[in-house]
Each structure stands twice: as C-alpha cells, then as structure tokens.
Amino acid sequence: CIGMAEILLETTSLDPKQRECAHSIGCSGNALLYLINDLLDFSKIQSGMLELDFRSFVMHDCVDGTLEIVQMKAEEKGLELVSWVSSTVPWVLVGDPGRLRQVLLNLLSNAIKFTSRGRVSLRCRVSPDEARLWFEVEDTGIGLTPETMGRLFQPFVQADATITRKFGGTGLGLVISRNLAQLMGGDLTVSSEGEGRGCRFSL
C-alpha cells in the first residue's frame, strides 16, 4: 500500500485529485504502520521481552540523522529547527542508537506537531558527574497544565480529548519513550510553564 502510493506519486502523471488520493493512501498506510509498531513495542515492554542492541555509534550521526527525518515537516510549518551538541560529548559511544533515535524522533515529532510557530530545539550535553548524557527537546508550542502533564505517561492517554481530535496519535509514544529511556539507564521527564508557553522534555 505505502510502496505503491509512492510509486504512483513519483513515476506516473496524475491529475490533482488523483495525487491527493494517492497521498492520502500513503499517509494512512504510514499511520497504520506507526500504530502497529507502537503496539508491538508496547507489548514487548509489558511482557519484559524488549531487549536493547548495544553497539558503538557516533552521537553526531545519530542526532543529525534524526533531525533530517523531521526537517521537512518543520519547514512546512515554518518552524526553526535547531540543535546543539556539547563539545564535551564523546564522539563515539556505546549504546542502542536505534532506540535512542526512536525516543528523540518521538519527542521531536511531537514538538513539531504541537507547535504552530516559533522553534523546536534539541540539545545534548554530558551530565555534571560525566556518567551519562542529557538530552532536552524544547518547543514554543501549546504548553501543558500540571494536570495534563500528570497524564502524559499513561498508556493510550493524551492531554485531553480536544488534542486527540485535532492532532491524532495513539497515546503510546511517550509511554514507550519513557520505558526505553529507563531501559537505557535514564528517565524521561516533562516541564512546562503553562498553556501556550511551550514544553521541555528531558532525557
């Protein structure tokens, strides 16, 4: 379904209505694929079967590759997408780059989805004890109240029904991200100064 839609868009001459239909097919297929992957990951986490794949990787490549995935969506919304990696971050690290990228991608995608103007930033630095890395994804989006922040990490729950209707989503992304962060020896937290004042997720 997804592959055929891409072939139609890239290799055939379609009128505007046909292109719109093919694009909708591709978007729907991708949405279904993300949902299936989220459900599979959540099931593995719940059963304790999710395992990390530790290997050497270059942190800058991981960050740059993640930013490339969301760059176009940020540009479409007119958002500034910025990143900063501290010079104290080692060039080569040992961990699970795939799962780290998954968490960062979820946080950046959410930040872009819930931000209509301004910027989304990703920062990476070494903790004061030099024992772990800190990541921060910050946006100038819709912000959160203390009540909604308390529900963010519950399975199948989003901030409120209005957000679900407007922006979609399964309510699993942040749950999976926090569990992955904890599996990697860290945690995922959120802070916001209130509605309309953006959010900051710290990993």
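1. Helices (H or I, at least four residues) and strands (E, at least two) are DSSP runs, numbered from the N terminus. In these terms, Gly185 is found in the loop between H7 and strand E6 (189-191). The structure is a predicted model, in which local features need pLDDT of at least 70 and side-chain atom pairs count only at pLDDT 80 or more, whereas totals for chains, interfaces and linings use all residues. Residues are numbered from 1 along each chain as its sequence is written, and side-chain values use heavy atoms, with hydrogens and water left out.

2. Overall architecture. The protein chain contains 7 helices and 7 strands, and from the N terminus on its elements run α-α-β-α-β-β-α-β-β-α-α-α-β-β. Contact is taken as heavy atoms within 4.5 Å. Among contacts between residues at least 6 apart in sequence, 67% join residues at least 24 apart.

3. Buried means under 20% relative accessible area, exposed over 50%, and partly exposed in between (1.4 Å probe, protein chains only). Of the 203 residues, 38% count as buried.

4. Helix H3, Thr66. Thr66 is found in helix H3 (residues 59-76). Thr66 counts as buried because its relative accessibility is 0%. A polar atom of the Thr66 side chain lies 2.8 Å from the backbone oxygen of Cys62. Not counting residues up to four places away in sequence, Thr66 touches Arg101, Leu104, Leu105 and Leu108.

5. Helix H3, Gln71. Gln71 also has its place in helix H3, but Gln71 counts as partly exposed because its relative accessibility is 28%. Although Gln71 and Ile112 are 41 residues apart along the chain, their C-alpha atoms are separated by 9.6 Å.

6. Strand E3, Val92. The place of Val92 is in strand E3. Leaving aside neighbours within four places in sequence, Val92 is in contact with Ser56, Phe57 and Val58. For Val92 and Ser56, which are 36 residues apart in sequence, the C-alpha to C-alpha distance is 6.5 Å.

7. Within H7, Gly173, Leu174, Val175, Ile176, Ser177, Leu180 and Ala181 are buried. Just after H7, Gly185 takes a positive phi of about 90°. Gly185 counts as partly exposed because its relative accessibility is 44%. Gly185 and Arg132 are 53 residues apart in sequence, and their C-alpha atoms are 8.8 Å apart in space.

8. Second largest pocket. A pocket is an open set of points, on a 1 Å grid over the protein atoms alone, where a 1.4 Å probe fits, with protein on both sides within 12 Å along at least five of seven lines; lining residues have an atom within 4 Å of a point. The second largest pocket has a volume of about 460 Å³, a volume being the space filled by probe spheres set on the points. Its lining has 20 residues, and Leu100, Arg132, Leu133, Phe135 and Met184 lie nearest its centre. Strand E3 (92-95), strand E5 (133-139) and helix H7 (173-183) are the elements that give two or more residues to this lining.

9. The residues lining the second largest pocket divide into 14 nonpolar, 3 polar and 3 charged. Here Ala, Val, Leu, Ile, Met, Phe, Trp, Tyr, Cys and Pro count as nonpolar, Asp, Glu, Lys and Arg as charged, and the others, Gly among them, as polar.

Conventions. Polar contact = N/O pair within 3.5 Å; in protein donor to acceptor, adjacent residues only side chain to side chain.
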